[in-house]
Amino acid sequence: EEFEKRYGNSPANVLRIPRAREVGQSYVTSVFTTLFACIFSFKTILMNPPDIVFTNGPGTCVPIVCAAYFARMLGIKHVLVVYSESFACV
């Protein structure tokens, strides 16, 4: 209840982050997609740091979680990271 009072009036933004590697993608081409995902993630987190990041699966979480922890280490903002893996994906 306290959380809703404190943050309930602020708008939520959902942002889709590019995947670092698609299922079945070759390791050679995944270098480029991973670099793109990292650049996108770091730019997004450092330019407009969120309060919280919800993520699932290693294909999307590695670059965005690294960027969130980087922002935390630089003292820009303490970004809360919530990782959820579901057995429904297995």
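**Helix α2 and its surroundings**

Me: How many residues has α2, and what is its reach from first C-alpha to last?
Reply: This is a predicted model, where local features need pLDDT of at least 70, side-chain atom pairs count only at pLDDT 80 or more, and totals for chains, interfaces and linings use all residues. Residues are numbered from 1 along each chain as its sequence is written, and side-chain values use heavy atoms, without hydrogens and water. Helices (H or I, at least four residues) and strands (E, at least two) are DSSP runs, numbered from the N terminus. The expected span is 1.5 Å times one less than the number of residues; α2 has 21 residues, and its reach, close to the expected 30 Å, is 30 Å.

Me: Within what arc do the buried residues of α2 fall?
Reply: Buried means under 20% relative accessible area, exposed over 50%, partly exposed in between (1.4 Å probe, protein chains only). In α2 the buried residues are Ser30, Ala37, Ser41 and Ile45. The arc uses directions from the helix axis to the C-beta atoms. These residues line one face of the helix, because they fall within an arc of 55 degrees.

Me: Is Thr55 buried or exposed?
Reply: Thr55 lies in strand β1. Its relative accessible area is 9%, so Thr55 is buried.
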